[in-house]
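Welcome, and thank you for taking a look at this structure. Please keep the sequence and the 3D view open while you read the notes below.

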Amino acid sequence: MGNKRNSIGAVVVLLAAGGFSPSAAAEDLNPISRMSLEYLMNVEVTTVSKQPESIQNAAASVHVLRREEIRRAGATTIPDALRLVPGVNVARINANSWAISIRGLRSRFGNKLLIMIDGRSVYSPLFSGIFWDRNNIPIDDIDRIEVVRGPGGTLWGANAVNGVINIITRHSGDTQGRTVEASVGTEERGSLMIRQGDTIGDTATYRLSAEADAYDDSRFADGSSADDAWENGQAHLRVDWVPTADDEVLFEAGINSVAGGGRYTAPLLTPPYSETRSGDVDRYGAYMLGQWARQINARNRLSLQGYVDHRYMDIDTPIAEETRTTSDLQVQHDFALRPDLDLTWGAGYRTTRYDVTADEFSFVVDPESDTFDVYNAFIQASKRLYDDRIELTVGAKIESNSISGTAIQPSARALWKVTPDHSVWTSVSQADRTPSIIETNMELRNAIIPPNTPQNPTSLPLAATITGDDDLGSEQVTAYEAGYRGRISRDLTVDLSGFVNRYEGLLLDTDTGTTRLNTDFGVPFLEVPLTINEQADGTVYGAEVSASWQASPNWQLRGGYSWVHEDLDAPPRSGGNSPSHQVSVQSLYDISPTWRFDTVLRYADELENTGTDAYVNLDARLSWSPTPDIELAITGRNLLFENYEEYGVERVANPQPLASQVERSLTATFTLKF
């Protein structure tokens, strides 16, 4: 390890000494000019209101992460890209698992976030969250990632509780020609992306991309392997078609395969009553998505979207298989009732069929097969006053699902454009999270207390069995938000927001039943049933601030700070999985028209629940582009520590891999476009 440490240290010295004197010609091919502060203030977002609008006019805490920022940060996964967004809490559990949240209450599956790719939800109803390794799309296919911090249930429905992350891919017309990108490194062992883009007649374009990645095992603190290496293979097709001047059609399809692993603690009914096992996880998926939109007139637009998503998962520890097929159809109509009054309404239907088989002792889902449906309808109106300087928006969604019944999710927002460069906003909204399949239908035994111990003085093993409840209702949040967004000077922009989230019916507590003798598994043991209830409440409040500073024509600095405090009326260790304080600073520096040096400095506070220490770390990337179509880059990640831990063992009712350490890494990437 000493040689590795010295070699990487030498690279860091070379990067730091790479000549920071700006070139007089730095603006000639300067990509920073494509991310000017004026551009950033007027960048278009669609996730806040389901309509295109300037970020300066959005009455919400929204951040747009552009592809160029992601590339220059050296991120190769979506979770690493999200580290750049203020208020998004990202922690790597092991080589293929992450815990990601917005505004607290973080867990491995991030069950209060709605994640979409081009409007297609990738939220798993089984665990109530997302498998990030399964959705690691090629970075160069991304146009932008829109992150809305705060509820989005009025437009997007259940599970958009603490935020919405919408990953929007590039129009195929912007990816014409051929691209090959290859990487090799110490942790990312290898990556190859191939893309072809071309026209179809005079009215359509397409993009076909394929990517394969391989990541190395991570390590535990004692140096042993976490057996969590993973490989990801995927292919995507996108077709954009303009059949008439008023119509737009989008078709997407894709397949992916993920093979990973991890170490898990499995319960035993005989000594030593638990053992650590290595388990493989195989995931396969395929999807098709179609969108059609007609511009009836300048302020009248009708759109339709439908998709089918099929998923299969096979887990060794605990033994489980899941097959799931989701079909979704949504319609939306945007039009102007008057010059100062806009109306958006829509409706949708989603059906999901799942089949789950699992280990009969440690993890059981009953019924193993089922179908659940979701019906929804929403309406939202926006009224502009005083020469369009004030905008009031009210709306509500009614949603009925087979799991928790019917819920109404209303919101009201107000925006005041004090000047063209300064705006303030405030909002109050409600959103619901539907319980997951395992929260309603599972039986889980994840620990055995040995006999003749202080915790279990009896002569038989003792198991705490967590069971779901099919009568559970939805978790609900009422959120109060306010913010300011403005351009302080020609070279400085600032975005501030504060929030108070009041939660009711959090699924963090259990009811304890009567201890009973269980003889169903060959070895008699005592069993304490713990039934999930919805009796926990809580308040989470905090603030986020981000700023962009154009220090010089060829140097841009971006920073973010977030603070969150959880006050939960729930069992100990139910919260505390999110850092109270988090800071990030990204530096984008063009040394010359062909050389760029970029860094990201990150700080995350300690995690009380998981026992994880606070840390500061640094990523750096040096790139050379002799022509606009060729780039060679060297990226060093986590340079300040050879290894450290970002997440520990949380109090959860879901099987999860043991947390491992994040290691320092070095990656070389070559990109060719032709």
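**A first look**

Strand S35 (residues 615-627) and strand S36 (residues 630-637) run antiparallel and are joined by six bridges. Here helices (H or I, at least four residues) and strands (E, at least two) are DSSP runs, numbered from the N terminus, and two strands pair if DSSP finds at least two bridges between them. This is a predicted model, in which local features need pLDDT of at least 70 and side-chain atom pairs count only at pLDDT 80 or more, while totals for chains, interfaces and linings use all residues. Residues are numbered from 1 along each chain as its sequence is written, and side-chain values use heavy atoms, with hydrogens and water left out.

**Hairpins and antiparallel pairs**

- Strands of a sheet pair through backbone hydrogen bonds, in a parallel or an antiparallel way.
- S35 and S36 make a hairpin, with two residues between them.
- Within that pair, Arg621 stands opposite Thr635 in S36.
- S36 also pairs with strand S39 (residues 665-673), in the antiparallel sense and over eight bridges; Ala633 has Thr669 in S39 as its bridge partner.
- Strand S10 (residues 177-185) and strand S11 (residues 188-200) run antiparallel, joined by seven bridges, and they form a hairpin with two residues between them.
- Val180 is the residue opposite Ile194 in S11.
- S11 is joined in turn to strand S12 (residues 204-215) by twelve bridges, and these two run antiparallel.
- Ser191 has Asp213 in S12 as its bridge partner.
- The hairpin of S11 and S12 has three residues between the strands, and Gly201 in the turn has a positive phi of about 65 degrees.

**A mixed sheet**

- Five strands form an open sheet with mixed pairing, in the order S3-S8-S9-S6-S7.
- Strand S3 (61-66) and strand S7 (120-121) are at the edges with a single partner strand each, so one side of each is left without a neighbour in the sheet.
- Inside this sheet, strand S6 (residues 113-117) and strand S9 (residues 163-169) run parallel and are joined by five bridges; Ile115 stands opposite Ile165 in S9.

**Aromatic rings and charges**

- Rings of Phe, Tyr and Trp (its six-membered ring) pair if their centres lie within 6.5 Å; planes under 30 degrees apart count as stacked, over 60 as edge-to-face and the rest as tilted.
- By this rule the count is twelve aromatic pairs.
- One of them is edge-to-face because the rings of Tyr541 and Trp563 have centres 5.7 Å apart and planes at 65 degrees.
- That pair links distant parts of the chain, 22 residues apart, with Tyr541 in strand S31 (residues 536-552) and Trp563 in strand S32 (residues 555-569).
- Tyr541 is partly exposed, with a relative accessible area of 31%, and Trp563 is partly exposed with a relative accessible area of 31%. Buried means under 20% relative accessible area, exposed over 50%, and partly exposed in between (1.4 Å probe, protein chains only).
- Phe641 and Tyr644 form a tilted pair, 5.9 Å centre to centre with 45 degrees between the planes. Phe641 counts as partly exposed at 35% relative accessibility, whereas Tyr644 is buried, with a relative accessible area of 6%.
- Trp98, Tyr215 and Trp230 are linked by ring pairs into a cluster.
- The charged end of Arg120 sits over the ring of Tyr287, 3.7 Å from its centre. For this, NZ of Lys or CZ of Arg must be within 6 Å of the ring centre and within 35 degrees of the ring normal.
- The charged end of Lys50 sits over the ring of Trp156, 4.5 Å from its centre.

**A buried threonine**

- Thr179 lies in strand S10 and is buried, with a relative accessible area of 3%.
- Not counting residues up to four places away in sequence, Thr179 touches Met193, Ile194, Arg195, Thr671, Leu672 and Lys673; contact means heavy atoms within 4.5 Å.

**Cavities**

- A search of the whole structure finds twelve cavities of 30 Å³ or more. On a 1 Å grid over the protein atoms alone, a cavity is a set of points where a 1.4 Å probe fits but cannot get out, and lining residues have an atom within 4 Å of a point.
- The largest cavity has a volume of about 600 Å³, where a volume is the space filled by probe spheres set on the points, and grid points are joined across faces, edges and corners.
- The largest cavity is lined by 36 residues, and Gly74, Ala75, Thr76, Glu188 and Tyr215 lie nearest its centre.
- S10, S11, S12, S36, strand S38 (662-663) and S39 each supply at least two residues of the lining of the largest cavity.

Notes. 1 Å grid on protein atoms, 1.4 Å probe; cavity = no way out; pocket = protein on both sides within 12 Å on 5 of 7 lines; lining within 4 Å.
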